[in-house]
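Please read them with the coordinates open.

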Amino acid sequence: MSGHLKPCQSSIFKKQVMGITGLMLCGFLIVHLLGNLLIFVGAEAFNTYAHMLITNPLLIPAEIVLALIFLSHIFMAIKLTIENKKARPVPYYSRQVSGRGSTFASSTMPATGMITLVFLILHIWHIKFGPVYTVTYSGVEMRDLYLLLIEYFSNPIYVIWYVVAVIALGLHVSHGFWSAFQSIGFHHKTYTPKLQIIAKAYAILITVGFASLPIYCYLQGGN
Ligand code: HEM
């Protein structure tokens, strides 16, 4: 059957797209986390960094590329999940953990992916369309995103939501990071187990790093 499909309709192609876009998103997460950690340095450092991003002429092209990467990843994920549900009773993500049975992270990939998607929509909505406070440093007026975050995370419900969402994201990448290599055709007796360890360490870094931000903002007590 698959011999009659166009290359872009084959499930191997879809898995490859998911793997490559997934790894790109892992790279984005690290860069985003590093930038956001400036919250710990202080309002001026964080706002100045965000101002540099917002006023960069490359922002719009970068946002378009990022949106395309997110959309391709989500689109292929939904297509593959539906196709595999129709074709086989055993989910694709579970079967990927060859010889070891499924793990909690692998069997919850669609659910943790959906939570991340909902999180992302609300997160971007809040940042882009939330209240616009401004602040002036060295004569330059800029958006006070630090104040926006401090105000937002003074509400414990939002803190809990962010922490739950980044735990889901952590679970998602703890499986996705190494299985992306399998999807793009890299499987090695020695290196795949090492990638699985790196994936766990990466997932812990992402979860603890992102969760620390709303908790820190909350502990600032709205100041
Ligand atoms: C949990 C703590 C997080 C905080 C405090 C935070 C904060 C921010 C801030 C201040 C911005 C606007 C400035 C900038 O682009 O850096 C932003 C944008 C964005 N964030 Fe986050 N973020 C968090 C987590 C995440 C996560 C986990 C994801 C992905 C799943 C994410 C995805 C994005 C995206 C896609 C943008 C828009 C980028 C753009 O338009 O250039 N964020 N975030």
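How many residues lie between β1 and β2 in the hairpin, and which residue in the turn has a positive phi? Point 2 takes this up after a word on the basis of the notes.

1. Basis. This is a predicted model, in which local features need pLDDT of at least 70 and side-chain atom pairs count only at pLDDT 80 or more, while totals for chains, interfaces and linings use all residues. Residues are numbered from 1 along each chain as its sequence is written. Helices (H or I, at least four residues) and strands (E, at least two) are DSSP runs, numbered from the N terminus.

2. The hairpin. β1 and β2 form a hairpin with two residues between them, and Ser138 in the turn has a positive phi of about 45°. The two strands pair in the antiparallel sense over four bridges; pairing here requires that DSSP finds at least two bridges between the strands. Within this pairing, Thr136 has Glu141 of β2 as its bridge partner, and Val135 stands opposite Met142 in β2.

3. Ser138. Most residues other than glycine have a negative phi. Ser138 is not a glycine, yet has a positive phi. The residue sits in the loop between β1 (134-137) and β2 (140-143). Ser138 counts as exposed because 6 other C-beta atoms lie within 10 Å. The scale used is: buried with 20 or more other C-beta atoms within 10 Å of a residue's own, exposed with 12 or fewer, partly exposed in between, with C-beta atoms placed from the backbone.

4. Overall layout. The protein chain has nine helices and two strands, in the order α-α-α-α-α-α-β-β-α-α-α along the sequence. Of its 223 residues, 24% count as buried. Among contacts with a separation of 6 or more, 74% are between residues 24 or more positions apart; a contact means C-beta atoms, placed from the backbone, within 7 Å.

5. The ligand shell. The ligand is surrounded by 19 residues, and the closest are Ala50, Glu63, Ile127, Phe210 and Leu213. Two or more residues each come from α1 (11-36), α2 (43-54), α6 (109-129), α7 (145-152), α8 (156-183) and α9 (191-219). The largest share, five residues, belongs to α6. The shell has 13 nonpolar, five polar and one charged residues. In this classification Ala, Val, Leu, Ile, Met, Phe, Trp, Tyr, Cys and Pro are nonpolar, Asp, Glu, Lys and Arg are charged, and the others, Gly among them, are polar.

6. The nonpolar cores. A core is a set of buried Ala, Val, Leu, Ile, Met, Phe, Trp, Tyr and Cys residues joined through C-beta atoms within 7 Å. The largest has 27 residues, of which Leu149, Leu169, Val173, Phe177, Tyr202 and Ile206 touch the most other members. At least two residues of this core come from each of α2, α7, α8 and α9, and α8 gives the largest share, eleven residues. Apart from this core lies another, of five residues, including Val17, Met18, Ala77 and Leu80.

7. Helix α9. With its 29 residues, α9 should span 42 Å at 1.5 Å a residue, and its end C-alpha atoms are 41 Å apart, which agrees. The expected span is 1.5 Å times one less than the number of residues. Among the buried residues of α9 are Tyr202, Ile206, Phe210 and Leu213, and the buried residues of this helix pack against α1, α7 and α8. Neighbours within four places in sequence aside, Ile206 is in contact with Leu29, Leu33, Leu169, Gly170 and Val173. Just after α9, Gly221 takes a positive phi of about 65°.

8. Helix α3. The 29 residues of α3 (residues 59-87) should span 42 Å, and the end C-alpha atoms are 42 Å apart, in agreement. The buried residues of α3 are His73, Met76, Ala77 and Leu80.

9. Two long-range pairs. Ala45, in helix α2, counts as partly exposed because it has 15 C-beta neighbours inside 10 Å. Its C-alpha atom is separated by 9.5 Å from that of Tyr146, 101 residues apart along the chain. Gly185, in the loop between α8 and α9, is exposed, with 10 other C-beta atoms within 10 Å. The C-alpha atoms of Gly185 and Gln16 are separated by 8.0 Å, the residues being 169 apart along the chain.

Definitions and conventions: Near = placed C-beta within 6 Å. Contact = placed C-beta atoms within 7 Å.
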